[in-house]
Amino acid sequence: MEPNSKRRKTAEPDGASSWEVQPVLSEQESQGIRLMPVYAAPVLDKKETCRLVKEVSAVYPLSDYPHLKRIRACLSVGSPHPLEIILCLASLNGEQAGLRSLTELFPSGQVDLCGLGKPFLAQVPACAPLTRPQYEEAVLHWPVSFHENKRITQALKGCLFSPLEKAAMQNHMELAIHTAQQGARQGMEPVGAAVVDPATGRVLAVGHDCRGGSNPLLHAAMVCIDLVAHSHGGGAYSYKDHPACTFLHVDNNAQHPPLGDGLPYICTGYDMYLTREPCMMCAMALVHSRIQRVFYGTPSPHGALGTAHHIHSRRDLNHRYEVFRGILEDQCKRLARLSDHKESG
Amino acid sequence: MEAAKRWRVSAGESEAWMDRAVHMAKDALENGEVPVGCLMVYNNEIVGKGRNEVNETKNATRHAEMVAIDQVLDWCQQHKKKPEEVFTHTVLYVTVEPCIMCAAALRMMKIPLVVYGCQNERFGGCGSVLNISSATLTDTGEPFQCIAGYRSEEAVEMLKTFYRQENPNAPKSKVRKKEFSK
């Protein structure tokens, strides 16, 4: 897989803190913009613009495409006409669009064609842009409106987290890496995870992949979900053979309100740190567990949080969570490579 | 496909096993858990069974299928059999379509055939939300075959009963409120 090369910092001499945190957005937010053909025409007489917009919109309202602006200003100096107007969609029912004359497009005579030039085909963005990169791509084709989500823009610029927060993130990921290494020494897949309550900064559970033992489904995320269950008086597995898998015993003296007995969705409000992107099973387990945020180091070839699927951001599931990648990416990548060697060797 | 031919089960056989799975789902319902029951059958013998244990274990991943998989692993250990050999010859009977998580787990265990009752509109991993059972996921085990519709009305009825009664263990989060307003 090609590493994401944009905004890559040069490695610092000690190689310690040269990482950047990037948001893993939904599928719709991550993809490039899709184009569709429309008929447009030059506005030859600028004074007719207002009337033309009104009359053309009455015949072809384009109400499914509210992001499209009807009029485009032509910036080129030598342009014989200053403005262009979208008339209508060019391919209904997917049929191939050919050129049409004005009288073909407006056969009923509802529009006074005075001031309009010869129609031409233009490619315009089919959907409203959700992110600033999508917006910047979209307006290269045709002007669109954009309701910017400031938080996403900040996240994409890499300034969502303060240096203090980043230091805490690094600590938590170092813990996950360290645990992965301990697991690897037992012959397990070198994957580690940690669960943190961001409200208190407390680490609630640290675990490594245990699939090399008796249960092939004990991936690091599943282990950590169960360790959190243990810390709340539940749990399904014993970790006596894996001393590096630990959880915080929740004491009743904590400032926390007592956790209601039998509260099942025990990861509500928690963060999980994972050295590598989780698989489909683990990503969905985190939906069921109502995790709040996931931070991972390096992508997996078929990962379910950004690579092959976007399980964290599906509107058709009943819970969504935020995902960020790139925390201590180089170290996590080195860990992941360890497992590649093991599998091929 | 070879596997599909080998893993055809008779309708009578399915009815009989599904009957027992429905009983287990009823037991879950009576114990305040999501009413899903399942059996894993190997060589005409039940080697694992499960019902949801989410509330009991405070672990949201303890779905019936995950509980049953653990039992089969235990059974393999007791009978000194290789899990791979057993799971690749085991049929799962479950009252509700496995969710995305369980479908991925079943692939990784290489279960060849799943017989289920009703669809799982919320989380289904065998077509309802995603089609994990037949997807091309090179690092996630093997695809499996599904036969749907056995005792589905009863399975749906139990789910409806469960969701009608307010789950006292569900979190009172914003997300849940939104979900209920649907």
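**View 1. Polar contacts where chain B meets chain A.** In this predicted model, 5 residue pairs make polar contact across the interface of chain B and chain A, with both partners at pLDDT 80 or more. Looking for salt bridges across that same interface turns up 0. On the chain B side, the elements that put in two or more residues are α3 (54–57), α4 (64–78), α6 (100–109) and α8 (174–180) of chain B. The largest share comes from α6(B), with 6 residues. Sorted by class, the side of chain B that touches chain A has 20 nonpolar, 7 polar and 8 charged residues.

**View 2. How much surface the two chains bury.** Here we stay with chain B and chain A, which bury about 3,200 Å² between them. Carbon and sulfur atoms account for 65% of that area. In chain B, the residues that lose the most area to chain A are B:Lys58, B:Ala60 and B:Phe123. Put together, these three make up 19% of what the chain B side buries. As for who takes part, the contact draws 35 residues from chain B and 38 residues from chain A.

**View 3. An antiparallel sheet of 4 strands in chain A.** Follow the strands across and you read β3-β4-β2-β5 (chain A), an open sheet with antiparallel pairing. At the edges sit β3 (71–73) and β5 (120–125) of chain A, and each of them pairs on one side only. From one strand to the next, the twist averages 45°. What holds neighbouring strands like these together? Strands of a sheet pair through backbone hydrogen bonds, in either a parallel or an antiparallel way.

**View 4. The β3–β4 pair, with a helix lying across.** Zooming in on one pair, β3(A) and strand β4 (residues 83–89) of chain A run antiparallel and share 3 bridges. To find your place, look for A:Ala73, which stands opposite A:Leu83 in β4(A). Helix α2 (residues 49–59) of chain A lies across β2 (35–43), β3 and β4 of chain A. This helix α2 runs at about 5° to β4(A).

**View 5. A mixed sheet of 7 strands, also in chain A.** This open sheet goes in the order β1-β11-β10-β9-β6-β7-β8 (chain A), and its pairing is mixed. Its edge strands are β1 (22–23) and β8 (246–247) of chain A, each pairing on one side only. Within the sheet, strand β9 (residues 271–276) and strand β10 (residues 293–298) of chain A pair in the parallel sense over 5 bridges. A handy landmark is A:Arg276, which stands opposite A:Thr298 in β10(A).

**View 6. A salt bridge between a loop and a helix of chain A.** Over all chains, the structure holds 19 salt bridges. One of them joins A:Glu148 to A:Arg132, with the closest N and O atoms 2.9 Å apart. A:Glu148 lies in the loop between α4 (132–138) and α5 (150–157) of chain A, while A:Arg132 belongs to helix α4 of chain A, so the pair ties together parts that are 16 residues apart in sequence.

Methods
Residues are numbered from 1 along each chain as its sequence is written. Chains are lettered from A and ligands numbered from 1 in the order in which they are written. This is a predicted model: local features need pLDDT of at least 70, side-chain atom pairs count only at pLDDT 80 or more; totals for chains, interfaces and linings use all residues. Side-chain values use heavy atoms; hydrogens and water are left out. Two strands pair if DSSP finds at least two bridges between them. Axes are lines fitted to C-alpha atoms, for helices over the stretch in contact, and angles run from 0 to 180 degrees between N-to-C directions. Contact means heavy atoms within 4.5 Å. Buried area is the accessible area (1.4 Å probe) that two parts lose on being put together, summed over both. A salt bridge is a side-chain nitrogen of Lys or Arg within 4 Å of a carboxyl oxygen of Asp or Glu. A polar contact is a pair of N or O atoms within 3.5 Å; within protein, one must be able to donate a hydrogen and the other to accept it, and residues adjacent in sequence count only if both atoms are side-chain atoms. Ala, Val, Leu, Ile, Met, Phe, Trp, Tyr, Cys and Pro count as nonpolar, Asp, Glu, Lys and Arg as charged, and the others, Gly among them, as polar.
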